Structure formats: structure tokens, C-alpha cells
Amino acid sequence: MKSLRFAGYSKVEIEDVPEPRPTADQVVIDIKVSALCGSEMGVFRSPEGRHGNPGHEFVGEVVDPNGHPEFAVGDRVGAHVIVGCGTCPHCQEGNHVFCPNMLPSGYAHAEYIALSARHCLRVPDGMDWDTGVMVAGDAMGVAYHLTRRVGLQAHDTVAVFGCGPVGLGAVLLWSFLGARVIGVDMSAYRRDLALKLGAWRTVAAGKHGTVDRLRKLTGGAGPDTCLECSGNPLAIEAAFDAVRKGGKVGIVGEQPLASFSPSGHLIHKELSVFGAWYFRLSEFAAMVELCSRGLKPRRVITHRFPLEEAQKGYDLMARQECGKVLFVQY
Ligand SMILES: [Zn+2]
């Protein structure tokens, strides 16, 4: 089957690999759409090529239920790809992402994938593939889980730092739920997109005075909540500086180190800080429900390419000239 390979130095190519052979707990899925996640860009840029790809957001049809009676050929599914053992206390609580034996799965930019039947999410009848891949993937899933962690209040003003796919998902979701959203990004293209998805204002990041501009837009106090979705250490500092006293900071932008002041930020401003990772299997139903009430996650999608033209998608992502990019195989 066709599968994307990261060839090193920002190049991808199609390689021919054997079709996946499911283990006893897995079903085989014919992938219809996979989505490019910002978390792939580090591997994409690295000099070392590697077999396969880190693609992990997809929807498709079950082609081999592999003895799992709850599935039939043709069932439409998405995936929660952080597969836990299913029996430890974390898994029992639905926190598969904390499982000590957790296995993330990748290789989703391919024709087929084998995935644990327990982690297949049923795409409802009538939901198109594009919406399906957004709610069964990181762009809405991470934004939704972050929202649950932080706790949204509809009258809040929230600054979203980093308007890549996850940040745009947060802009869309918080705007839809009634908050007043300020999109912060270096890319003019992405600031524009944030406005189209419901942001009230945008602020150019990286320029002198980002924090001042956020304060000015909020009557001097600062946003009630800052969401860090960029993975840039300067953005974390700006988020802690800008947020109002007693406000909240939510962080999903991956970064190993960043600085903040326990005295200045946590003690004297009494900030509440929340990290969030991926989403929970149990949150999928709630996202589907929001779609039925009018949330349109597919608005975050800006580009669709056949898998063979995936290079174009990664190049756009590297230039920050896109929202969500899909690779389509139907
Ligand atoms: Zn477990």
C-alpha cells in the first residue's frame, strides 16, 4: 500500500509498504482522510529521514473487523490514537493518556491502518469526512479538552496565542460558545483566518508591545484567560504577563522549558494555570453534540490535497500559510 515517508530535510515521499496486519485487539481501517498536525513539523524538518510517518488524525471505513462483533465492514470511524492498556487505574478512569503502557499510534498518512477496536470513534451517519476528521483529531479534540480543563465562561475575553490548527480550533470553539476572542499570531494569513472564524480582534505576535496591545484591548486589565497554543517560549511569557490578575492560563503548545515568575505571576497575580494533553475518548460525543448545535469545525480546514501531493501541504504548514490541511483519499 501507499504510505508517506519522512525523507529528512523537509521532504516527504510516497513509499510502498506492506498492509498492516492487525493484532487481536485491532481492526483494519481504509483511510479516507488524514490530517496534518503541527506536532509533525519537528520530524518533518529534521535531517534524518525515517520509515513511515507520524500522521495520527484520520477517518475511514472498517475493512476488516478482525472478529470484533461490534464492527462491520463499511463502518465509518475516526480514532483516539493514544491507546492505553485498558485495565490500569488511569485507563479505567478514561485517562488513557496517563497509562504507563500507553502506545501512541502513527502511520496514518497511508492507505490503511490497524487500530485498537476500543479506540475507534464512530463517525455519525450524516457527518461528512472533513468534519469527522476534525472532531476525531487534534484540531478540535485538543481545543475542546483544553476548554474543559480551563473552564470557559461566556463573558470572558480570551487571548489565543498561536493561530495554527489547534489555536484556530480554540478561536472557533470559544467564539461559538460566546467568549470574546483575541487571536495572537505572527502570521498575517493566520490572523485573518482567526477573524473569519469569529475572533473579535487580532494582535501581531513577536512585535514589541504585544502585551500592551492586549491590555489596551481589555481596558488595561488584560484578558481573563490566555491560551498558549504556539509552543513558543516567548508566547508563554507574554501570556503570563498579559493575563489579568486572578485570571487563567491554559497551555497546550508543547515546549520543554519556559520561564515564568512564581512571585510575579502565580503569587501576586494569583493565576490559575492548566496544562492539557490530547483529548479523552469520552469527549468525542460532546464534540459531536456541539456540531449538531451548529459548530462547524470544517471551517478551520483551508487546504485539501491527494496523499501523493502531501509535500505541498507540509510546505504550506512550514510557511504558516494555512489552517488545517487534509490529505484526501476518496
Ligand atoms: Zn492503562
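Author: First, a word on what gets called a helix here: a DSSP run of H or I that is at least four residues long, with helices numbered from the N terminus. Also keep in mind that this is a predicted model.

Let's start with helix α7, which covers residues 210-217 and has Thr-210 in it. Is Thr-210 buried or exposed? Its relative accessible area is 11%, and buried means under 20%, so Thr-210 counts as buried. What does Thr-210 touch, once you skip its neighbours within four places in sequence? The answer is Val-184, Val-203, Ala-204 and Ala-205.

Now to a pair of helices. Take α5 (residues 165-176) and α6 (residues 188-196): their axes come within 9 Å and cross at roughly 25 degrees. Angles under 35 degrees count as roughly parallel, so that is the label for α5 and α6. As for handedness, the crossing of α5 past α6 is right-handed. On the α5 side the contact is made by Pro-165, Leu-168 and Val-171, and on the α6 side by Arg-190, Leu-193 and Ala-194. Sort the residues of this contact by type and you get 5 nonpolar, 1 charged and no polar.

You'll find Ile-31 in β3, which runs over residues 26-35. With a relative accessible area of 0%, Ile-31 is buried. Beyond its neighbours within four places in sequence, Ile-31 is in contact with a whole list of residues, including Phe-58, Val-59, Gly-60, Tyr-112, Ile-113 and Gln-329. Ile-31 and Arg-76 are 45 residues apart along the sequence, while their C-alpha atoms are 9.9 Å apart in space.

Last stop: charges that pair up. There are 13 salt bridges in the count. In one of them, Lys-324 meets Glu-57 at 3.0 Å, N to O. Lys-324 sits in strand β17 (residues 324-328) and Glu-57 in strand β4 (residues 57-64), so this pair ties together parts 267 residues apart in sequence. Both Lys-324 and Glu-57 are buried.

Then have a look at Asp-128 and Arg-298, whose side chains also form a salt bridge, at 3.0 Å from N to O. Here the two partners are in loops: Asp-128 between β9 (120-122) and α3 (129-135), Arg-298 between α10 (284-292) and β16 (301-306), with 170 residues separating them. Asp-128 is partly exposed, with a relative accessible area of 29%, and Arg-298 is partly exposed too, at 40%.

What does Arg-304 pair with? Its side chain meets that of Asp-130 in a salt bridge of 3.0 Å, N to O. Since Arg-304 belongs to strand β16 and Asp-130 to helix α3, the pair ties together parts that are 174 residues apart in sequence. Arg-304 is partly exposed at 40% relative accessibility, whereas Asp-130, at 4%, is buried.

Now put those last two pairs side by side. Asp-128, Asp-130, Arg-298 and Arg-304 are linked in a network of salt bridges.

Conventions: Residues numbered from 1 in each chain as written. Predicted model: local features only at pLDDT ≥ 70, side-chain atom pairs only at ≥ 80, totals over all residues. Heavy atoms only, no water. Salt bridge = Lys/Arg side-chain N within 4 Å of Asp/Glu carboxyl O. Helix = DSSP H or I, 4+ residues; strand = E, 2+ residues; numbered from the N terminus. Buried < 20%, exposed > 50% of the residue type's maximum accessible area, 1.4 Å probe, protein only. Axes fitted to C-alpha atoms, helices over the stretch in contact; angles between N-to-C directions. Parallel < 35°, antiparallel > 145°, perpendicular 65-115°, else oblique. Left-handed = near helix turned anticlockwise from the far one by under 90°. Contact = heavy atoms within 4.5 Å. Nonpolar A, V, L, I, M, F, W, Y, C, P; charged D, E, K, R; others polar.
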